[in-house]
Each structure stands twice: as C-alpha cells, then as structure tokens.
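Biologist: May we go through the strands of this protein together, one question at a time?

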Amino acid sequence: MVHEASSPDALTRPFAAAGSAQVPAPQPAPDGRPEAAWISRPATPIAGAATGPLAGLRFAVKDNIDVAGLPTTAACPAFAYAPEAHATVVQRLLAAGASVAGKTNLDQFACGLNGSRSPYGAVPNSFDARYVSGGSSSGSAYAVATGQVDFSLGTDTAGSGRVPAGLNNIVGLKPSKGLISAKGVVPAAQSVDCVSIFAPTVALAARVLACAMGPDAGDPYSRRLDLVRTPLPARFRFGVPQPLEFHGDALAAAAFERAIAQLRELGGEPVSVDYAPLARAAGLLYDSALVAERYAAVRPFFDAHEAEVIEPVRGILARGRSFDAADLVDAQTQLQALGQQAAAMWAGIDVLLVPTAPTHCTLDAMRAEPVRRNSELGHYTNFVNLLDYAALSVPASLRPDGLPFGVTFIGPCGSDFRLAELGQRFHHATGLPMGATGGPLPAPEPPVWPPLAEGEAMPIAVVGAHLTGMPLNHQLIARGAVRVEATTTAPHYRLYALPGTTPPKPGLQREPGNGVPIALEVWNVPRAEVGAFLAQIPPPLGLGSVELADGRWVHSFICEAHALQGAEDVSAHGGWRAYIASRSA
C-alpha cells in the first residue's frame, strides 16, 4: 500500500511543452521539507500494463532517467529536455504492470552522496529532517521510505543507490554492471554507471530486478552475465574490512558490531580483510584521471553552460578537463592492478560485509564542509563499481539516537540474487519496521532466482515436503531451482500420508473418477542438477508425470502402490500444506 503526499499540488511543477527549448526556473528550494523529494509529479500516474508480475505497484524515477511525457532535468534546469521515449528500464517495468508516479530529486548530475546538491532543494532524511537523506538518489529513497511509492529507481556510480538506502532504513539493490540497461539514463560515468532499485523489502527489490534486467543493444555497456542461482552454504565466511573507519561516530561503530553478531547467528564466520586495496581503488574515482569521465558525460552542455551548474558539482566536472589521454591510461592501469590485489580476498570469503555509510551528517554540517562530509559517506561504496562487484544495502538497526544504520553485502559480479537471498534473511531477522512508516515487515517471500533460459531446466512438480517453506525445500534451492508457479493437479488424484517417513512425506496416486485437485508447485530445476536432486529422493517415491489443472503434463514424484497400504488418505485437505497445518492445530 502506498500513501499519497499531503499536498500533491505542491509536488507537481509546471514544465514547458515537449520539444520546447525553454524550461521554467526551479522553485524556491524547500530545504529539509518533504516536497523537495520530487521534481515533477503528474496528477495521474503513467499507467503500466494491466497485468504482469508488478501489476498494481507504483514507482518513482530518479530525474536523470527518461520518462516520456515528463522532462529530464538531472537537477539542472538549464539542462532539461523532453524525452520522446522511456528509458529501457522504465519501459520494461511498465510492461511488467507497474505505474510511474513521478520524477524525483537528486544531487545535480548524480554528482554527490548526500542529497543536498540540487537547486530543487535538499531532500531531508526520512527519520530526522535535520540530517541528509543521502544521495545522489535522494528523492527516490525518500519516496520509498515514507511509503509514497512501492519502489523506485535510482542510479549508482559511487554509492548513490546504497547510501540513501542505508540512511533511510530501506533496501538498496546495486546490480552488477550491465545487468540493467542504462539506455535513456543521463550518464555520470558511463563505464561504471548502474541503474539501482530502492524498495522496503529485499524480496520486492529482487522481483523488480528480475523484471528490469536483460541485455539491450542500445546500451554499449549492457552485457549478458552468468548469474549465480544458488544460495550461500549454511556455514559461510563473510569479510570484515580492517581497519574499520567510522569518522568518530561511536553509535555507527556499535551498530556495525551488532550487525556482525547478527550475521554470525545466520551461520556466518567473520574473516578480517585488508581494506587497503579497496580504499586505494575508491580514491581513484575522484582523485585521478578517472574523473574525466564525469566531465565527458556532459561535456557539450557543460562547456556551453558552466555557470548554470552549482558548486561543488561545477568544480568536480571542471577538474575533468585537466587530464590528458595518457593520464587516463595510467589511472586505468592502476585500477586494474588494484583489482587484482583485491580479488585475492574472494579465496577466503563468500561475501564482504561493510557499513553502508560509516556515519550520519546534518544538513548544516554538509553545507559547512561539503567535500569532506560527502567523502565520508562514500567511504565504503566508491570501489564497488570500479571493481565490478554486485552490492545490496540492507537495514540493520535503529541507533539509540533514532537514526537508521544499514550494512551492505558485496559479492563478485553476477552474485546479485545470492546476495538477495542472504539479505532477506538478515533483514527479517532484525525485526525492523518498513522504512520510516512504522509498519511491520511482511512475511519473508521465497527467494527470487534469475529465470532459466528455455532448455536449461526441467519442470518438476512437488506436492509435499519440497513445497516452499517445508522441510526439504532447501534441496531445490541448493540446486538453483526456481519456482515457476503454484497450481493444482487435474481432479484425478488422491494424496496419502506415508507412515514412518521423516520428515513426513505424502504419496500421490492418480485415481480417475475418484480424485480431487491437489495443491502443488512447479519448479524449474537446472538440467545439470536434476540427477543430483533425484538422488536425494528415497523409495518408495520416484520420478513420473502428473497432469496439471490446465491439462499440461509435467515431471513429478509418484509413489509405488505397495507403500500406500495402510497410508492415511488426506485428500480432503486439498494439499499437503493444509494437512500439516491441521495436524499442528
């Protein structure tokens, strides 16, 4: 459920007609006020498809991502233009059934991590308006944290899709580079840009990713990736940076120690990781010739309208002019060397755990020292895209001063859905409310895994202990299986509780003329894993076929007839889950 803002008219700004070269001046900057989260918000959302996996949901779009019918400003009025088409990612989400609620504020040209570098106003923190929201995707995070939309899109070059999530008690999913198309996105540094996702829960963020991802010939950095389809083992190792830096924030340091303890409870073993190569890689983003890519992204506009760009964004972009091609080659070579040094850590860990942001910062403190304070917020984020990692920021706790603290799980390229499986378990173990709404987290959802291509999987129907949430479901998940649908058999089956089985298991038998529909789930099991999965299925169960309610036949487990002698007929319950629930009751 989403909640309307108290004053929609205040959030809707007039813009010139499409194709016009004129754009109105920004409204007076409402620093620290909720309406600063939005740049444009139509009276009626731009509707998505009537059906689809995201049908009925509304999302906000960071205003450096094109939405046809709404200007793209990148938080610079002089830069504004009227796009003729949706960005690829927006089009895919509309096709999945979601609707666009409007365009959100950002640090100008996505250059900042604090949310105060915009002529449209500084976006407040959703828990305390005296503090920064985090940026550059400030408005997108605020809209989700306050329940105004179901999810939102941001971008992430140096942490913009993670820092605002950590500071506002929501989830920030920064996908592997190239997984989501950036066509129709105003670049910040095109070779490392990612479209990011904000959501109140990990499950929703992962569902949005599954709908948004896919190669796109229109994006030169789009690519096909080999995505991990299995969770971490029950016992796993997570890296902890050494030394740790919290810039004097004792509450953040204590919160991170609690997060380490929470991850231990989920089966993790902490392993110290030398942070030096990661820190040196992070430093190259702004303190080397790599910053020239920031300037190159908007060079024609910036060269003609430099005075229209606010400080300190102007100074950052202008610095990009001072490097030559040889400087850039040197910086890229340094980055490659640091990447090789950093890669050694993956031999000793399964995932890296870092604070999403090592401290909070008030708006006043940010204005007083904009460069230093902004740099502090990015202490644990800047290296991730440069080194081609995936990352997921997840709420961890609320500090004694009432401000949120988040952690980020980082993994190698392609580990996006594995991080989401771990992130959901961690998030739900915290008992935190959703965003700043005060509402409780919903029940955890089955893990979302990337779809398997046609021919890569065998559909197998399960009716008993392998159902979602049941004792043997982990055997499917461990093999990278993906749940396709929940349905029933044709009305020709009986279900029996087999005696003496641990955990309790049913037997399914086809009895035309004497059957009923039995609830089941269909899972796509990777063909390479089918043999190993079937080896875990003991007699008297075996692989056969079952007819579904719509007449399709799929592989399933059937039971040898002799094992049904004396078994209890539980068909009246309509399925194994209902039968088990009746026993518990």
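Modeller: Strand β5 (residues 171-174) and strand β6 (residues 194-199) pair in the antiparallel sense over three bridges. Strands are DSSP E runs of at least two residues, and helices are H or I runs of at least four, numbered from the N terminus; two strands pair if DSSP finds at least two bridges between them. This is a predicted model, in which local features need pLDDT of at least 70 and side-chain atom pairs count only at pLDDT 80 or more, while totals for chains, interfaces and linings use all residues. Residues are numbered from 1 along each chain as its sequence is written, and side-chain values use heavy atoms, without hydrogens and water.

Biologist: Which residue in β6 stands opposite valine 171?

Modeller: Strands of a sheet pair through backbone hydrogen bonds, either parallel or antiparallel. Here β5 and β6 are antiparallel. The residue opposite valine 171 is alanine 199.

Biologist: Are the residues of β5 that point each way buried or exposed?

Modeller: Buried means under 20% relative accessible area, exposed over 50%, and partly exposed in between (1.4 Å probe, protein chains only). Val171 and Leu173 point one way, Gly172 and Lys174 the other, and all are buried.

Biologist: Which residue in β10 stands opposite glycine 172?

Modeller: Strand β5 is also joined to β10 by three bridges, and the two run antiparallel. Opposite glycine 172 stands serine 393.

Biologist: Which strands stand at the edges of the sheet?

Modeller: The open sheet has eleven strands in the order β1-β3-β2-β4-β6-β5-β10-β11-β9-β7-β8, with mixed pairing. Two strands have a single partner each, so one side of each lacks a neighbour in the sheet: β1 (38-40) and β8 (268-274).
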